[in-house]
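Please read it alongside the sequence and the model.

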Amino acid sequence: MSGGLLTELRRRRDERPDAAALWTATSTGGHLATWAQLHDTACAVAAGTAALPPGAPVLVIVDNTPDSVAALIGLTGAGVDVLPVEQGSSALTDLLAPARNPGVRTVVGPARAVRAAPAGVDFLSYERCRAHPVGAAGSPAHRAGEVLQLTSGSAGEPKIVRHSSANVWRGGHTYRHLLGLTPADVVVAAVPLAHSFGLVGALTAAVVSGAELRTTRRFQPGRVADALVADGTVLFGTPLVYRLLTPVLRNRATPARLRAAVSSGGPLPAELGHQARAVLGVPVRQFYGSTETGLISYQPDPGDEPDTSVGVPAPGVRLRLTRADPDDPAGTGHLSVRTPTLFHGYLGASGPVSTPDGFYDTGDLARVDDAGRLHLLGRKDTFVNVGGRKVNPTRVARVLDEHPGVREVFVFGATDADGEQRVHAAVVLGPGTGPAELAAHCRARGLAPYEVPHELHPLARLPRTAMGKVDRQAVIATVTTVPIGSEA
């Protein structure tokens, strides 16, 4: 990235060439790159881009290894538009299909991922994309490449978001500032580096601060726990990561050097936050943002008291609440934001992405309390219309999740044959918990009769996206193939 990560890597190389930059744990050991090695490899990639088709975005399979990170930074630094995709992503097939291809003509990835590419698409291993450098290694590009990011797709088909490389660089500096990262830190990233939270919050923040980054090629709680207990100082995870990591850490020593734990990608249940804090020794701080906007808000420090908010606005962020529906509770509204890292638009789409004064509609319903903290109440487009009365599925899910027999829950609306919407709940239950008990629990917690789920769907697990969010479309597809539980 001209003036961005490639320049930052050069600074890190000049300051501490032999210091560890990135360590990736694998089943056979791991991959280590020093700052000098990461810089030189990225420059070799940047120098070899002359052989690529001009103007076409390059899809990079990011498997969290130093080779994949060097490919990502080197290509973008040379002015190439890069679309990072997680290893094993089911979106890969769609992205390369002729009918859906966003213009990708080259895929860069690990040699083990080589397969018959569709017509017109070439596959280059990480090694081959730097094997025949052309021009001066590390020479700056006249144009900084864009970073194209897939949205989560948790509520529908993923879209491709266009971000400038400056947005990624700027976002990394924001995380560095908020977490106080320095070269003495060891950042443990239990998230895919291809996704916005991992790319900007963990990888870019580590590069601009000089902190060492440790990750895994595939998420395995034991390896993440090992890195934390050894000398991790900052942890990046999603609510699902903390749910899976907490029981593993109960059998380990409390991480002695850990000073900050960050959660993003969805709401962190209060009980899970309490359990995670008990084994980590530090509170888990929620950071809220989106692929389109970058970071919106953060919890400076939850302290000892439970904090149900997603914190205060991040530096440079402005919030706006618009009460567009008279049925909305007082003090709430549609949340629009103006951020320093707002995207440029969706790939292949035209038209403005924000209002004339720069605000973007997040689609979330929210409120701001007297202390200036932001509280998310749900997404307006997921509300269920039951006989003309609106039901917030987020609130219903929160009530169900408070029952000790509910391990996981996802609440959604579905239209019946008669055209009426009903409240449905997909649940993962513990032994002995049944529909009647959950219905009674909902009524005891104050839900109105029309808010109590009409249908319960017991599942062995909830399908999730790579970032740990419940995959709404997959849930709906799944429950249509399993017997519906008794009506609550």
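A salt bridge here is a side-chain nitrogen of Lys or Arg within 4 Å of a carboxyl oxygen of Asp or Glu. By that criterion the structure, which is a predicted model, holds 18 salt bridges.

**Salt bridges**

- Arg-130 pairs with Asp-67, with 3.6 Å between the closest N and O atoms.
- Arg-395 and Glu-451 form another salt bridge, their closest N and O atoms being 3.1 Å apart. The two residues are 56 apart and link distant parts of the chain, with Arg-395 in helix α10 (residues 393-401) and Glu-451 in the loop between α11 (435-444) and β25 (455-458).
- In this pair Arg-395 is partly exposed at 32% relative accessible area, whereas Glu-451 is buried at 12%. Glu-451 is classed as buried because the cut-off is under 20% relative accessible area.
- Arg-445 meets Glu-402 through their side chains, at 2.5 Å from N to O. The pair ties together parts 43 residues apart in sequence, since Arg-445 lies in the loop between α11 and β25 and Glu-402 in the loop between α10 and β23 (406-415).
- Arg-445 is partly exposed, at 38% relative accessible area, and Glu-402 is also partly exposed, at 42%.
- A network of salt bridges links Glu-8, Arg-11, Arg-12 and Glu-15.

**Nonpolar cores**

- The largest nonpolar core comprises 82 residues, and those with the most contacts inside it are Leu-59, Leu-75, Val-108, Tyr-175, Leu-179, Leu-213 and Phe-236. Helix α6 (residues 196-209) contributes the most to this core, with nine residues.
- Leaving aside residues up to four places away in sequence, Leu-213 touches Ala-21, Leu-22, Trp-23, Val-187, Ala-189, Leu-193, Ala-202, Leu-203 and Ala-206.
- In soluble globular proteins, nonpolar side chains tend to be buried together.

**Helix α10**

- Pro-393, Val-396, Ala-397, Val-399 and Leu-400 are the buried residues of α10. Viewed down the helix axis they fall within an arc of 160 degrees, so they line one face of α10.
- The elements that cover these buried residues include β22 (389-391), β23, β24 (421-429) and α11.
- At the start of α10, Asn-392 has a side-chain oxygen that comes within 3.0 Å of the backbone nitrogen of Thr-394.

**Backbone at Asn-64**

- Asn-64 has a phi near 70 degrees, which is a positive value in a residue other than glycine. Most residues other than glycine have a negative phi.
- Asn-64 is placed in the loop between β3 (58-62) and α3, and its relative accessibility of 4% counts as buried.

Note on methods. Residues are numbered from 1 along each chain as its sequence is written. This is a predicted model: local features need pLDDT of at least 70, side-chain atom pairs count only at pLDDT 80 or more; totals for chains, interfaces and linings use all residues. Side-chain values use heavy atoms; hydrogens and water are left out. A nonpolar core is a set of buried Ala, Val, Leu, Ile, Met, Phe, Trp, Tyr and Cys residues joined through side-chain atoms within 4.5 Å. Buried means under 20% relative accessible area, exposed over 50%, partly exposed in between (1.4 Å probe, protein chains only). Helices (H or I, at least four residues) and strands (E, at least two) are DSSP runs, numbered from the N terminus. Contact means heavy atoms within 4.5 Å. The arc is that of the directions from the helix axis to the C-beta atoms. A polar contact is a pair of N or O atoms within 3.5 Å; within protein, one must be able to donate a hydrogen and the other to accept it, and residues adjacent in sequence count only if both atoms are side-chain atoms.
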